[in-house]
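Please open the model in a viewer and keep the selection tool at hand.

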Amino acid sequence: MVVGAGFAGLVAARELMRRGRDVLVLEGRDRVGGRSLTGNVAGLPVDLGGTFVGPTQDAVLALAAELGVHTVPTYHAGANLIRWRGWVRPYHGTIPRLSLTGLLDIGRVRWQFERIARRVPLTQPWTAHRAHQLDTVSLGQWLRSVHATATSRDLMAIMARVTWGAEPDEVSMLHAARYVHAAGGLDRLLDVENGAQQDRFLAGTQQIAHLMAEELGSRVVVATPVTGIEWHDGTATVIAAHGRAEARFVIVAIPPAHRASIQFAPPLPVEHQELAEHWPQGRLSKAFAAYSTPFWRAQGFSGEALSDEGPVFITFDVSPRDEGPGILLGFVDARNFDHLPAEQRRREVVSCFGSLFGEEAAKPLDYVDHCWGAEEFAAGGPTAAVPPGSWTRYGPWLRQPVGPIHWAGTETADQWTGFLDGAVRSGLRAAAEVEALL
């Protein structure tokens, strides 16, 4: 039995089915894909959830290739833009050259951060040198402790928002270091070329989930929230909206915070209960605007931009081709956005695009956004924003099985945690655990 039809749950079920096992997948939403959701703007597919893939994300790329889904490169030619302290200016590369002092300081901070990250064990980060010290402070507190300038702190805040859907003061320094190490370093995490944003799927990522679900057929049941799991050493009973089902093993493939929505009988060990309470999801939303052409390309711009003002703080060009339509993707700070009426959300995003790319960007043909914090199931951002103190206290229980219950989901992965690739890896790992016991 698998709870959750995101990438992790579908991969686990598909792997077990291939090994001749009977499997059933129950999903609370009325669709498959989990945090992958493909919508449309101006009649073209856009990823409202997980979007990009890049080098070393071998698990999700192998899955996509096997299913016949191919990638296209993310457009990144030309100059990037940054709106900073009220001014808009172009820059090249990953880090804006805002001033010589600022450039030297962000280089120093990055070197110190990556030196720490490389030393954090991916499998057991709580055993790292100075693990408790690193987990006691937030990323923001660490930045202040190394006397990072305001510019460096604000640039790192943009990274924290797009990575975890949280502010630097909300994320454990140990979690931040381990997360970056799991991605292969800051360059790999942040870059387009040779980085995590290098490629995307033209028809969207959710097609991969649909193809897996088609293979599984009637083994996938949607619109069926799991409310309880009764378990013993040799069996489990899964209680859902439309009935009960018996299983020898259950793979729960949902974010750790949302394990608390399931009533376990007998109750899970206290460490597992507390983990769910201390492993919260971040909050992040996305918005897209469509234009007749990607006009910024003709002006020599890449479509990538950073902003120290809201609501959009980073943008990408996800246009399907040079001649148009042109599509801008904006990552949005959900805290002051999700509660707004739809028309106001549109006005604020379009105004932000206009301030970056000019008057033409303020007059889109179409617009769409998605507020993940308003989701009924697994509400929040792309991944967990793990607060100080949680890794050293609760980390050992993150994916430790309890009787017949095993855990999957991108948060439980040791590589590319928080990405689609991490979700695929976690599904393969959980399926292997169950198969070994069967």
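The tour goes from a helix to a sheet, then to the cysteines and to some backbone features.

This is a predicted model, in which local features need pLDDT of at least 70 and side-chain atom pairs count only at pLDDT 80 or more, while totals for chains, interfaces and linings use all residues. Residues are numbered from 1 along each chain as its sequence is written, and side-chain values use heavy atoms, with hydrogens and water left out.

**Helix α9**

Select residues 206-216, helix α9; helices (H or I, at least four residues) and strands (E, at least two) are DSSP runs, numbered from the N terminus. Q206, I208, A209, M212, A213 and L216 are buried here, where buried means under 20% relative accessible area, exposed over 50%, and partly exposed in between (1.4 Å probe, protein chains only). These residues lie on the same side of α9, because they cover an arc of only 150° around the axis; the arc is that of the directions from the helix axis to the C-beta atoms. Next, display what covers them, including α1 (7-18), β3 (38-41) and α2 (58-66); contact means heavy atoms within 4.5 Å. Just after α9, G217 takes a positive phi of about 60°.

**The open sheet**

Move to the open sheet of 4 strands, ordered β13-β12-β11-β15, with mixed pairing. Two strands pair if DSSP finds at least two bridges between them. β13 (243-247) and β15 (263-265) are at the edges with a single partner strand each, so one side of each has no neighbour in the sheet. Select β11 (226-231) as well: this strand pairs with β15 in the parallel sense over 3 bridges. In β15, Q263 stands opposite G228.

**The cysteines**

Which cysteine sulfur is closest to that of C352? It is the sulfur of C371, which at 15 Å is too far for a bond. A disulfide is a pair of cysteine sulfur atoms within 2.5 Å, and the count comes to 0 disulfides. C352 is buried at 2% relative accessibility, and C371 is buried at 11%.

**Backbone features**

Select the loop between β17 (301-307) and β18 (312-317), where P311 is found. The peptide bond from G310 to P311 is cis, with omega near 0°. Continue to P325, in the loop between β18 and β19 (326-333); the bond from G324 to P325 is cis, with omega near -5°.

Finally, go to R85, in the loop between β7 (79-84) and β8 (87-91). Although not a glycine, R85 has a positive phi of about 55°, and it is partly exposed at 43% relative accessibility.
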